[in-house]
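Please look at the sequence and the structure below before reading on.

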Amino acid sequence: MIPTAIFLLVLFVITLTVAAYSTYGERKVAAFMQDRIGPNRAGPFGLFQPLADGGKMFMKEDFVPANANRTLYFLGPAVAMTTALITGVVIPWGGTLQFGDVSVSLQGINPEIGILFVFAMVGIGVYGIMLGGWASNNKYSLLGAIRAASQMVSYELAMGLSIVALVMMTGTLSLGGIVDYQVEHGWNIIRQPLGFLIFIVCAFAEANRAPFDMPECETELVGGYHTEFSSMKLGFYLFAEYVNMFISGAVMATLYFGGYDVPGLASTGWDPNLITIIGVAAMFAKTFFFIFFFMWIRWTLPRFRFDQLMNLGWKGLIPLAIVNILITGGIMLAQGQLAP
């Protein structure tokens, strides 16, 4: 119990640190792609910029709009941040570390329905955006909240259907079980390339990342659902987006790229703790690549119109996901893995 509590505390700190420095990384990536320098004043190479931004958020005036629903106004960012942080507890970040008689599993909990837990937290997270947008008593915030709700409902369907084919193939809903399957049979990206493509597009929409950032479209809605927020309430919304980006990258690495698996590493005969540490490093390397990919796409593609966004979800991704399920079922039936 105590090792698990310590691991969860460490995971909490790492998640917040990665989210904070993702803001720095995004500015540096944007600067590189636009032939600029990026943050370079706060500390060497601008490395203290996230600390300066956090201090600014804490010290800014915290106000509440005159006609806002105060309870829901405070509850919105809390729900968004809490659900974003909770999701990481079911992700297997590595194997097991052994310290004498004490074993430390690098997965907070491993429920049999791990992937459903992730979807549940993602589904609850949209309430944070909806509550904040509605409680602000601002028409731009309300429109952003409505967009967020319709967008997430639409893309959660396609995302869930893309996972159905993966669950059919692996035979488990447990994230740890899916990683174990890939250790034995190879990474799922080889067998489910279409499912991965659907999943990563939906992940962009679920995290409100460009080109699917319609709920906070500055050119139309000022700032969208968080227009009326300031200080750390605004900080929670912004932080939650980067935490979701981090968790999305970890989930994609887990489902399709073997998680902490490094092919051939287990057969080297090295110390098990060393193998576990290398696996953790591999897991974070895969996750950081997806974080970079999120940033790369943001500064490469223009934003969709809202009708284009909805058409892609309902008329493009959902039919593709259903076709992927049928193809997967047909292949499994031909290989004798399903009863006719």
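## The enclosed cavity

In this predicted model, the lining of the largest cavity is made up, by class, of 19 nonpolar, 6 polar and 2 charged residues. The space in this cavity amounts to about 390 Å³, and among the 27 residues that line the largest cavity, Val122, Glu206, Ala207, Asn244 and Ser248 are the closest to its centre. The count of cavities of 30 Å³ or more comes to 1.

Which elements each supply at least two residues of this lining? They are helix H3 (70-86), helix H4 (114-135), helix H5 (139-170), helix H7 (193-206) and H9. Of these, H4 gives the most to the lining of the largest cavity, with 8 residues.

## The largest pocket

The largest pocket holds about 1100 Å³ of space. It is lined by 39 residues, of which Thr23, Arg27, Met57, Leu238 and Tyr242 are the closest to its centre. Helix H1 (2-33), helix H2 (49-59) and helix H9 (231-256) are the elements that give two or more residues to the lining of this pocket.

By class, the lining of the largest pocket divides into 20 nonpolar, 8 polar and 11 charged residues.

## The second largest pocket

For the second largest pocket, the volume is about 290 Å³. Among the 17 residues that line the second largest pocket, the closest to its centre are Tyr260, Asp261, Val262, Ala266 and Ile275, and the elements that give two or more residues to this lining are helix H6 (175-185) and helix H10 (272-298). The lining residues of the second largest pocket comprise 8 nonpolar, 8 polar and 1 charged.

## Overall build

The protein contains 11 helices and 2 strands, and from the N terminus on its elements follow the order α-α-α-β-β-α-α-α-α-α-α-α-α. Along the principal axes, the C-alpha trace of the protein spans about 60 × 50 × 45 Å. Because a compact globule with 340 residues would have a radius of gyration near 20 Å, the 21 Å found for the protein agrees with that description.

Of the 340 residues of the protein, 51% count as buried. Among the contacts in the protein with a separation of 6 or more, 78% are accounted for by residues 24 or more positions apart. The protein exposes about 16100 Å², and carbon and sulfur atoms supply 70% of this area.

Most residues other than glycine have a negative phi. Against that background, Phe45 has a positive phi of about 60° although it is not a glycine, and Ser231 likewise has a positive phi of about 55° without being a glycine.

Where does Phe45 lie, and is Phe45 buried or exposed? Phe45 lies in the loop between H1 and H2, and because its relative accessible area is 66%, Phe45 is exposed, the cut-off for that word being over 50%. Ser231, in turn, is found in helix H9, and because its relative accessible area is 6%, Ser231 is buried, a term that applies under 20%.

Definitions and conventions. Residues numbered from 1 in each chain as written. Predicted model: local features only at pLDDT ≥ 70, side-chain atom pairs only at ≥ 80, totals over all residues. Heavy atoms only, no water. 1 Å grid on protein atoms, 1.4 Å probe; cavity = no way out; pocket = protein on both sides within 12 Å on 5 of 7 lines; lining within 4 Å. Points joined across faces, edges and corners; volume = space filled by probe spheres on them. Helix = DSSP H or I, 4+ residues; strand = E, 2+ residues; numbered from the N terminus. Nonpolar A, V, L, I, M, F, W, Y, C, P; charged D, E, K, R; others polar. Rg over C-alpha atoms; globule rule 2.2 N^0.38 Å. Buried < 20%, exposed > 50% of the residue type's maximum accessible area, 1.4 Å probe, protein only. Contact = heavy atoms within 4.5 Å. Areas by Shrake-Rupley, 256 points an atom, 1.4 Å probe, with all protein chains shown as cover.
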